[in-house]
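Please consult the sequence and structure shown below.

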Amino acid sequence: MALLTAVLAPAAGLVVAQVEDRRDARRRFLIMAVVSSVPILFFLFFGVLFPECPNGSHC
């Protein structure tokens, strides 16, 4: 749920800022989206794609 809200909040803010044509808000939400995507990508990369192999497994 935390990953969903970390992605949902900046995306919703970016859409609203785009619709209302607010440059300053758009820039802030874009920075917020980039910053919140770093931990998500870190989790997906090391937690899902490259998990530690169990003993006896041929990875």
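**Aromatic pairs and side-chain contacts**

Phenylalanine 42 and phenylalanine 46 lie 4 residues apart in helix α2, so about one helical turn separates them; helices (H or I, at least four residues) and strands (E, at least two) are DSSP runs, numbered from the N terminus. The model is predicted: local features need pLDDT of at least 70 and side-chain atom pairs count only at pLDDT 80 or more, whereas totals for chains, interfaces and linings use all residues. Residues are numbered from 1 along each chain as its sequence is written, and side-chain values use heavy atoms, with hydrogens and water left out.

**Aromatic residues**
- The count of aromatic pairs is 2, where rings of Phe, Tyr and Trp (its six-membered ring) pair if their centres lie within 6.5 Å, and planes under 30 degrees apart count as stacked, over 60 as edge-to-face and the rest as tilted.
- Phenylalanine 42 and phenylalanine 46 form a tilted pair, at 4.9 Å centre to centre and 55 degrees between the planes.
- Phenylalanine 42 is exposed at 54% relative accessibility, while phenylalanine 46 is partly exposed at 45%; buried means under 20% relative accessible area, exposed over 50%, and partly exposed in between (1.4 Å probe, protein chains only).
- Phenylalanine 45 and phenylalanine 46 form an edge-to-face pair, with 4.8 Å centre to centre and 90 degrees between the planes.
- Phenylalanine 45 is partly exposed, at 37% relative accessibility.
- Phe42, Phe45 and Phe46 form one aromatic cluster.

**Salt bridges**
- There are 2 salt bridges, each defined as a side-chain nitrogen of Lys or Arg within 4 Å of a carboxyl oxygen of Asp or Glu.
- Arginine 26 and aspartate 21 are joined at 3.0 Å, N to O, and aspartate 21 is exposed with a relative accessible area of 58%.
- Arginine 28 and aspartate 24 form a salt bridge at 3.3 Å, N to O; these residues are 4 apart in helix α2 (residues 23-49), which means that about one helical turn separates them.
- Arginine 28 is exposed at 52% relative accessibility, whereas aspartate 24 is partly exposed at 34%.

**Serine 36**
- Serine 36 is found in helix α2 and is buried, with a relative accessible area of 17%.
- The side chain of serine 36 lies 3.2 Å from the backbone oxygen of alanine 33.
- Apart from neighbours within four places in sequence, serine 36 is in contact (heavy atoms within 4.5 Å) with Ala6 and Pro10.

Note on methods. Polar contact = N/O pair within 3.5 Å; in protein donor to acceptor, adjacent residues only side chain to side chain.
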